[in-house]
Amino acid sequence: MSSFSHVPESPIYYGYNGSPFVSKLEAVLKLKNIPARRVDVPLTPPRVDILALGIPYRRVPVLAIGKDVYIDTSLISEALEKAYPSSPILATDVGLQKAVTKFYDHFLFNLGFDILPWNKTPKSLQEDRKKFIGRPDIDFDEVATRKELAHSKLASHLAILEEHFSDGRVWYFSTPSPTYTDAGIYAVLDWIRSFRATRPVFDSTVFPKTVAWFGRLDTLFAAKPPLGKVKGPDAAKEIFSSTFTADLSQIGFDEVEAKRLGLKKGAKVVISPEDSGRDVVTPGVLIALSKQEAVIETEQKGQHVIPSLRVHFPRLGYSIREVPNGENAKL
Ligand SMILES: N[C@@H](CCC(=O)N[C@@H](CS)C(=O)NCC(=O)O)C(=O)O
C-alpha cells in the first residue's frame with residue numbers, strides 16, 4: 001500500500017456495542033495496537049453517518065483508512081495488516097486462517113442468532129432483523145424453543161476446539177502471539193457467552209484447554225487501552241479531506257474475471273452481500289478487480305454533492321452486477 005501521504009495513525013470505523021463482527025474488528029485492532037476511533041451508529045438503520053459517506057451498505061463494521069473504505073471484517077483485517085504491518089495477525093497459514101475464520105464467522109454467528117434472547121428485544125429490532133436475514137416469516141418464539149438444541153450445538157463446536165487445543169498450543173495456529181483466527185473465534189464466542197444461559201456450556205472441566213485459551217484472550221484484551229471515539233460529522237470531514245489513498249495497482253484489474261462477470265473497467269455497478277443484508281446495494285464505478293477484492297468509486301450526484309470515496313468489497317460473499325443503462329439515474 002502506498003500513498004501521497006502517510007497512513008493515518010488512527011483509522012475510523014463505524015459500529016455499535018454488542019455486534020460480534022464489530023467486536024471481531026476491535027479484537028483485531030487491539031492485537032495490532034492500532035489506536036482506531038469508532039463512530040457509534042444505531043442498532044438499526046438508517047445509519048446517517050455511513051450514508052453521509054455516500055455508502056448505503058447496511059452492515060457493520062465499515063472501516064476507513066484515508067479515502068479508502070473497507071467492507072467486511074475479512075477484507076478490513078487484510079487491509080489493516082497491509083497498512084499497519086507491525087504486530088502481524090496474518091503471519092502464518094494465511095489461506096487456512098481465512099478459511100477457518102470464515103467457518104467460525106458463519107456457524108457461530110448463526111448459532112448465536114438462535115441463542116439470542118429475542119423475547120427481550122424490541123419488536124422494531126425483530127422486524128428489522130427479519131428483513132435483514134431475508135426471512136420475513138421467522139417466528140422468534142419458535143426460535144426460543146430451540147435454545148437447548150443451540151446449546152448442544154455450541155458444546156459440539158467447543159468439542160472441536162478442545163480437540164484442536166489438546167496438543168497444548170497456546171494460540172490457534174501455534175504462533176508466538178494470537179492471530180486473526182484467535183480474534184475471530186474469540187469475538188463471536190464472547191458474544192455467545194454474553195447470553196447468560198450459555199455460561200454452563202463453557203465448562204472448564206469439560207473443555208479445559210479451550211476455556212484456558214479463552215481466559216488468556218480475556219486477560220490480553222483487558223490489558224489493552226480502550227479504542228477511541230469520533231463523532232460522525234467530524235469523521236466524514238476527516239475522511240473526505242484525507243490525502244491518503246491505497247495503491248490500487250496491487251489489486252489491478254483481472255480481465256479474465258471481469259469477462260466471467262460480464263464487466264469492464266469503468267462500468268457502473270452495484271455490489272451487495274449474498275447472505276444477510278442483500279437487499280441493500282452499494283453503487284459505484286468499478287475501478288479495480290481481483291479474485292479476492294473489488295473496488296468501486298462512489299459517484300454521488302444531486303443536491304448535495306458528496307465527494308467520491310473508494311469502497312473495497314471482498315469477492316467471496318458479495319455479488320457485483322452492472323447497472324443497466326436505464327438505471328443509471330440511481331447512481
Ligand atoms: N460478513 C460481515 C458480517 C457483518 C454483519 O453481519 N454484521 C451484523 C452485526 S454483527 C450486522 O450488520 N447486522 C445488521 C445490522 O446491524 O444492521 C463481516 O464480517 O463484516
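Predicted model: local features only at pLDDT ≥ 70, side-chain atom pairs only at ≥ 80, totals over all residues.

Colleague: Which way do the residues of strand β3 point, and are they buried or exposed?

Modeller: Strand β3 covers residues 62-65. Val62 and Ala64 point one way, whereas Leu63 and Ile65 point the other way. All of these residues are buried.

Colleague: How should I read the pairing of β3 with other strands, and how many bridges join β1 to β3?

Modeller: Two strands pair if at least two bridges are found between them. Strand β1 (residues 12-15) is joined to β3 by 3 bridges, and the two run antiparallel. Within this pairing, Ile12 stands opposite Ala64. Strand β4 (residues 68-71) also pairs with β3 in the antiparallel sense, over 4 bridges. There, Val69 in β4 is the bridge partner of Ala64.

Colleague: What is found in the hairpin of β3 and β4?

Modeller: This hairpin has 2 residues between the strands. Gly66 takes a positive phi near 60 degrees there.

Colleague: In what order do the strands form the sheet?

Modeller: The open sheet is formed by 10 strands in the order β5-β2-β1-β3-β4-β9-β8-β7-β6-β10, with mixed pairing. Its edge strands are β5 (228-229) and β10 (318-322), each of which pairs on one side only. Ser319 in β10 is the bridge partner of Ser272.

Colleague: Where does helix α1 lie?

Modeller: Helix α1 (residues 20-31) lies across β1, β2 (37-40) and β3. Its direction is at about 155 degrees to that of β1.

Colleague: Let us turn to the ligand. How many residues surround the ligand, and which are the closest?

Modeller: The ligand is surrounded by 14 residues, of which the closest are Tyr16, Arg47, Arg58, Asp72 and Thr73. For particular atoms, one reads the distances between polar atoms. A polar side-chain atom of Tyr16 is 2.7 Å from an oxygen atom of the ligand. For Arg47, an N or O atom of the side chain lies 2.8 Å from a ligand oxygen atom. For Arg129, the corresponding distance from a side-chain N or O atom to an oxygen atom of the ligand is 3.1 Å. The ligand taken alone exposes 510 Å², and the protein buries 94% of that.

Colleague: Why does Arg310 count as buried?

Modeller: The relative accessibility of Arg310 is 13%, so Arg310 counts as buried, since the cut-off is under 20%. Arg310 is found in strand β9 (residues 310-314). Its side chain makes a polar contact of 3.0 Å with the side chain of Asp68. Leaving aside residues up to four places away in sequence, Arg310 touches several residues, including Lys67, Asp68, Val69, Thr245 and Glu297.

Colleague: Next, the backbone. Which peptide bonds are cis?

Modeller: The peptide bond from Pro45 to Pro46 is cis, with omega near 5 degrees. Pro46 has its place in the loop between β2 and α2 (48-51). The bond from Val60 to Pro61 is also cis, with omega near 5 degrees. Pro61 is found in the loop between α2 and β3.

Colleague: Which residues other than glycine have a positive phi?

Modeller: Ser87 is one of them, with phi near 50 degrees. Asp93, which is not a glycine, has a positive phi of about 40 degrees. Ser87 is found in the loop between α3 (73-83) and α4 (94-115), and Asp93 lies in the loop between α3 and α4 as well.

Colleague: Why do Ser87 and Asp93 count as partly exposed?

Modeller: Ser87 counts as partly exposed because its relative accessibility is 27%. Asp93 counts as partly exposed because its relative accessibility is 39%.

Colleague: Finally, how far apart are Ser156 and Ile192 in sequence and in space?

Modeller: Ser156 and Ile192 are 36 residues apart in sequence and 14 Å apart in space, C-alpha to C-alpha. Ser156 is found in helix α7 (residues 147-165). With a relative accessible area of 44%, Ser156 is partly exposed.

How values were computed
Residues numbered from 1 in each chain as written. Heavy atoms only, no water. Buried < 20%, exposed > 50% of the residue type's maximum accessible area, 1.4 Å probe, protein only. Contact = heavy atoms within 4.5 Å. Axes fitted to C-alpha atoms, helices over the stretch in contact; angles between N-to-C directions. Near = heavy atom within 4 Å. Polar contact = N/O pair within 3.5 Å; in protein donor to acceptor, adjacent residues only side chain to side chain. Areas by Shrake-Rupley, 256 points an atom, 1.4 Å probe, with all protein chains shown as cover.
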